[in-house]
Amino acid sequence: MELIKLSDYLWEIPKTSSMMVPGRIYASAKMIAGLRDDPALTQVANVACLPGIVGYSLAMPDIHWGYGFPIGGVAAVDACDGVISPGGVGYDINCGVRLARTSLHFNSVEPKIHRLAEAIFNKIPAGVGSQGAIAGLSIDQLKDVVREGANWTLRNGYATERDLEHTEEGGVLAGADPDRISERAYKRGAKQLGTLGSGNHFLELSRVDEIYDSRIADVLGLELGQVTVLIHSGSRGLGHQTCDDYLKLIASAMARYEIRLPDRQLAAAPIISTEGQAYLAAMAAAANFAWCNRQVMMHLAKQAFVEALSISPGELGFELVYDVCHNIAKFEEHSVGSRKQMVCVHRKGATRAFGPGHPALPASLRPVGQPVLIPGDMARYSFVLVGLETAMRETFGSSCHGAGRLLSRTKAKREAGGRDLRAELNTLGVTVRAHTYAGIAEEMPHAYKDVAEVVEVMEAARVTRRVARLKPFAVIKG
Amino acid sequence: MTTKPTTTPTEDTALFREIEHTGDLGIELTAPTRCELFRRAVLALAALLVERTGVAEREQREITVEAEADPDLMHDLLAELLALFTVEGFIWRDASATEAGRSLRVTVRGEPFDPARHAFRGEIKAVTYHALMVESSPNEWRARVIFDV
């Protein structure tokens, strides 16, 4: 595939006859060399064929082969004339990350790491085969969850007002319609509120081991040696089923709207169509479930800290830094060429990264920009970034979302064969508690790219700036 | 209508092979007949979810799916079975399949999933349409399915 180098960190796939816009990939020369024959580049070009797409079909430096959309893909479509694609959001609607800080220093926790990891492991169910963190939720109660989003957790004692202020969209995506979620989706989600899931989902205890911008770190309440909690999970079975339900509905409607796309998994319908509106209402509902899920898990993690360390909530000082989603479609106003335009931004494995002064940010964060949380792998590090003004001009206010896989799950498992992975991670200073061995083998550090290289590209392109680095010392896997 | 006998290969590796996909989990499988291909896919799904040999055949469930095209039939069949596991908590060790025109009836034999007894291998979020393939040659039937995990 032809690639034109625009700068050291930006590459363009020229527009062909079937593409509505060119493709653009944020990557270093080294990353591009590794991507030359990767199907993910074809997926960037395929996304550029979506009716109503504006600007560019974008890919962040953690791009890898997805289904339909590449992981790391961003596509903004005109809010009136564009299409909505469930594949551009993904099965795990509002999969995302939240970071909480504590008042604890790593030195005080170090002797009790195993006890703490065990307490969290026992407190937060993985999901399958468990009764969930909140047993016996009826479908009517789940309808309240998806309608109210994080407000449901506030009303039921799992959250504070401050938590909601520090959650993207306040933890409630507008337009959610509980009646657009199928009975099967509710049944899949019934025992899963407050559960981690498996795959690449995790809860990570880390310490702040590097500060890059002390002024912004101060605003975010981060300091060297501080113990933090990073949670990565999404909308669980309720979201997975919702995506599946609507992929089928929208695929069957495409011929009626005369939409032809190169990949079935890209199935899309006009935003203003009955099917498009139904999906958006269901997606918002599933997104709201995801915010409740992460909020409940954070609440459980806080309880586990208090119980395992025998300290008071006041001594613990547990507070949410921010919560971001990285699988979502949102209506936002952006500059397209020389004019402002309302667009629907699909972020499939990409994080919103609004720059300083954006009205969507809470007053306390507005001067510094939106926190962007980028998990790495189990052993190396994760990063806290903030969005910059350039993101608003060039990436529809979006940045990367993680390290990006280097090895397939199959290959990662094969390379892990016969090794004592828990012991290996232990020698790297990481305690791991997991429900399945595969959960560790598939997610070993060597299966991922170095996330530092990913965030460096975003910083060189002036999309996001590094604020702090987090070093994991305990990881809970589903 | 043809009814296929129930035979369970002793090793799941004889049923399917995992294929490389960066983010997710893909399988390819072959079979001498169309019906057996679907049956093997049903067993492959169980094998991806749990250690199948640890599942006892105490109860059975029946699922019927119908679709115009074979790839849709494969997607819908596996999606129904994934729901059987995720919603009803039922896991199976063996299966038999019967075809009639565009319709496929599958009977799975197993028991309620018990995390204390069954070795769980990890969640599957969905059966994707990505690179989904069901096709035949004079000698065999082939399928490829990619699961989101």
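This is a predicted model: local features need pLDDT of at least 70, side-chain atom pairs count only at pLDDT 80 or more; totals for chains, interfaces and linings use all residues.
Reader: Nice. What area gets buried there, and what share comes from carbon and sulfur atoms?
Author: About 3000 Å² is buried between chain A and chain B, with carbon and sulfur atoms giving 52% of that. On the chain A side, Trp65(A), Val128(A) and Arg264(A) supply 21% of the area that chain A buries against chain B, more than any other three residues.

Reader: And how many salt bridges are there between chain A and chain B?
Author: The count is 6. Glu18(B) with Lys413(A) forms a salt bridge, and the closest N and O atoms of that pair are 3.5 Å apart. Over all chains, the whole structure has 57 salt bridges.

Reader: Which residue does Glu28(B) pair with?
Author: Its salt-bridge partner is Arg144(B), at 3.9 Å from N to O. That pair links distant parts of the chain, with Glu28(B) in strand E3 (residues 25–31) and Arg144(B) in strand E9 (residues 141–148), 116 residues apart.

Reader: Switching to helices: at what angle do H1 and H2 of chain B cross?
Author: Roughly 35°, and the axes of H1(B) (residues 34–49) and H2(B) (residues 70–86) come within 10 Å. The crossing is right-handed.

Reader: Thanks! What about confidence: what does chain B average in pLDDT?
Author: Chain B averages 90, and 91% of the residues score at least 70. Residues 1–10 of chain B have a pLDDT below 50, and this stretch has 26 contacts in the model beyond near neighbours in sequence.

Reader: Last one: what ipTM and pTM does the predictor give the complex?
Author: The ipTM is 0.90 and the pTM is 0.95.

Technical notes:
Residues are numbered from 1 along each chain as its sequence is written. Chains are lettered from A and ligands numbered from 1 in the order in which they are written. Side-chain values use heavy atoms; hydrogens and water are left out. pLDDT is the predictor's confidence in each residue, from 0 to 100. Contact means heavy atoms within 4.5 Å. Axes are lines fitted to C-alpha atoms, for helices over the stretch in contact, and angles run from 0 to 180 degrees between N-to-C directions. Helices (H or I, at least four residues) and strands (E, at least two) are DSSP runs, numbered from the N terminus. A crossing is left-handed if the near helix is turned anticlockwise from the far one by less than a right angle, and right-handed if clockwise. Buried area is the accessible area (1.4 Å probe) that two parts lose on being put together, summed over both. A salt bridge is a side-chain nitrogen of Lys or Arg within 4 Å of a carboxyl oxygen of Asp or Glu.
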